[in-house]
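Hi,

Here is the structure I promised to pass on. Have a look at it first, then read my notes below.

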Amino acid sequence: MDNDISNAIAIIGMACRFPKSNNLEQYWENIRDGKECLETLSQEDLKQAGIDYTILENREYIKRCPCIEDIDKFDADFFKISPKEATYMDPQQRLMLEKVWEAIEDAGYSIDKIDGKIAMFASTSASSYFLQNILNNPNFVEEAGGIKAVLHGLDKDHMSTKIAYKLNFTGPAITVQSACSSSMVGTIMACQNLLTYQCDVALAGGVTINVPQRVGYMYEKGNVMSQDGYCRPFDENASGTIFGSGVGCIVLKRLEDAIKDNDRIYSIIRGFAIGNDGNDKVGYTAPGIRGQMDVIGDALEFAQINPGSISYMEAHGTGTIMGDPIEVEAISKVYKQYTNKKQYCALGSVKANVGHLNAASGIAGLIKTALLIKNKVIPPLINISQENSKINFKNSPFYINKESKIYDGNGPMRASVSSFGIGGTNGHVIMEEYCKGRKKGIMKSCYLFPLSARDNEDLRTMCKNLSDYISSHSKVSLGDVERTLQCGRKEFNVRKAFLAGNSQELIQNIDRFLKESRPYKKMEEKHLKVVISSSGDSLETKELYKDISLFQNSYDECKRIMKEICTDDVWKQQNKVDILISQTAIVKTWVELGIEVKAMLHIENDDGIGFTFKDTLHIKESISKFLGIPLNEKEENIDFKWNTLFTNTYREFLNVIVNWWQMGKRVCWEKWIHIKEQNIISLPTYPFKRTSFWSYSERLRERENQQVIKNI
């Protein structure tokens with residue numbers, strides 16, 4: 001990897017829902033395994049969608065589509081959106097809002113704790129939800145609350161600004177529209193804004209939801225739609241593409257900042273460019289060789305990378321008769337200016353797997369490429385039986401990879417991604433593997449896992465999801481889980497924290513909690529009252545000192561102070577001094593974490609030597625100054641026995657933090673973690689309580705009623 005990282009961008013978080021892929025893990029498995037994710041619709045599916053019998057019987061009607069699940073469902077309450085507003089809000093806006101939240105959690109950040117300005121660059125297709133309703137329900141605008149409410153909820157312009165408003169983003173919030181290349185162009189604009197310091201974190205994404213979804217289409221010769229319902233990029237039998245639904249979002253950060261913060265880096269964006277074909281092409285909707293060559297060349301020049309080191313090319317690849325050969329010709333001409341190597345770079349297109357997702361197609365290809373770089377696997381291109389004879393693969397830099405294979409190159413894995421929009425706005429990015437490996441997860445004697453939600457039901461779902469994750473990821477570092485949960489999730493009022501030394505114990509503790517029938521009950525808010533004493537048993541602080549750097553620093557500093565202020569006679573009472581130092585360091589650690597402590601100092605002098613009144617006064621002043629809190633005077637009827645009022649084991653110390661946090665108080669987790677040793681990982685995100693919000697036209701209501709009567 002080039003040592004100059006000043007112009008590099010890190011992808012640190014991602015979220016998606018694509019056909020037959022409800023999350024990143026499923027999406028990658030489907031791509032890696034060469035799975036086609038389109039559906040063949042039955043006659044019954046199409047009848048329920050209202051397709052006329054005469055159309056169904058037409059041989060030119062193609063009964064295939066790429067769909068995603070539950071487009072009608074949304075967690076409106078989570079985003080403080082009323083049921084009426086949610087019903088008349090474009091499902092594209094709703095799904096993007098959820099994916100933005102999930103992407104930020106995947107990046108390991110709490111949405112209200114990100115330093116600096118957050119920018120949003122989102123893209124969406126025209127609202128077919130609105131079109132279907134306005135065509136079939138003359139009262140739709142009136143029911144929605146007037147034209148202003150309709151525009152705010154359904155118009156493209158409000159996609160990014162609505163998200164920024166709901167999530168309090170103060171960086172640029174721009175809805176980017178350039179047809180099929182929209183989300184790629186939005187990603188590049190996000191990179192540009194990061195490099196010019198208009199923001200510190202940027203999100204980019206795209207969404208297309210077709211309403212209705214589960215319908216086919218009528219094939220027309222010469223159109224871009226596939227004749228057989230399959231998208232076959234670069235295949236001899238390619239006859240077009242097939243449009244579908246999907247949503248994806250990524251979180252971007254300047255690479256230097258991501259490294260400093262030990263963010264999890266999926267991939268690096270090294271170079272990027274946006275251009276347009278102009279009128280140097282057959283027609284407005286046709287692709288242009290010169291325009292594509294220019295944008296690819298500009299991206300390579302920006303990245304300062306020889307394309308001979310690029311192992312994978314995620315093409316726009318729509319499977320059209322004209323588009324595929326032109327695309328390969330354009331990029332081949334650019335690559336040949338740098339290298340004479342032939343057939344060294346795998347060529348692929350995710351449209352073969354999930355279809356053409358319109359405004360979301362660019363982000364679908366980019367997320368796929370980030371995942372294959374992260375996993376160092378080149379996936380197969382599916383739906384190809386014979387290479388397109390109009391493409392001279394043998395004399396090009398490209399080959400078709402038909403089986404999933406491990407990348408075995410010497411240097412960092414590199415890939416490029418193209419996304420071209422109808423009309424001519426083209427986007428291209430150069431991506432690279434982040435090679436500087438992360439440190440192995442830290443080992444502790446005990447870990448602390450905080451979970452919080454809006455209500456008891458969500459909390460229990462969250463606990464179950466975590467338990468399932470730990471069960472299916474046996475090699476996961478609990479230190480990484482700890483950091484991700486402590487610093488990477490918004491803190492809600494309903495809380496539960498678990499202590500565990502290993503995965504099995506964590507699963508058992510969660511299962512025990514889930515079996516409890518008691519609902520969550522918030523504990524009474526109060527200060528933590530402790531007595532710092534020189535008496536009692538020796539404290540077991542070795543594991544605490546080893547595991548918790550905050551305690552280690554407090555202990556070392558307290559010991560240094562005590563050495564300076566204690567007389568030789570006092571220092572001879574080593575056991576008492578050690579107890580005093582340990583207890584003070586523990587209290588200091590709690591104070592640093594944000595726990596509100598009321599403390600007293602009690603020093604005993606059983607043998608009549610050592611701690612004089614002057615010594616005690618001096619120690620009290622020094623400890624109070626060290627802790628940053630006043631030490632209270634002796635109270636009547638207080639038991640000074642340390643073991644009953646304090647803690648002398650590691651877990652008792654941790655339980656104080658657990659109890660404080662479960663009371664709804666704030667804990668400064670950032671001071672608790674080892675930022676360079678505890679890594680961010682992908683854990684289950686918030687379990688949205690999604691219910692249906694959908695405006696049914698009168699025609700749909702009538703059809704449903706007829707179906708009910710028929711069933712009766």
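Let's start with Asp-455, which counts as partly exposed at 25% relative accessibility (buried means under 20% relative accessible area, exposed over 50%, partly exposed in between, with a 1.4 Å probe and protein chains only). Keep in mind that this is a predicted model, where local features need pLDDT of at least 70, side-chain atom pairs count only at pLDDT 80 or more, and totals for chains, interfaces and linings use all residues. Residues are numbered from 1 along each chain as its sequence is written, and side-chain values use heavy atoms, leaving out hydrogens and water.

So what does Asp-455 meet in a salt bridge? Its partner is Lys-689, at 2.5 Å from N to O (a salt bridge is a side-chain nitrogen of Lys or Arg within 4 Å of a carboxyl oxygen of Asp or Glu). Asp-455 sits in the loop between strand E19 (447-453) and helix H16 (456-472), and Lys-689 in the loop between helix H26 (669-672) and strand E24 (691-692), so the pair ties together parts that are 234 residues apart in sequence. (Helices, H or I of at least four residues, and strands, E of at least two, are DSSP runs numbered from the N terminus.) Lys-689 is partly exposed too, at 29%. Both residues belong to a salt-bridge network that also links Asp-75, Asp-77, Arg-454, Glu-457 and Asp-458.

Searching the whole structure turns up 40 salt bridges. Among them, Arg-254 pairs with Asp-257, with the closest N and O atoms 3.1 Å apart; Arg-254 is buried, at 4%.

Cheers
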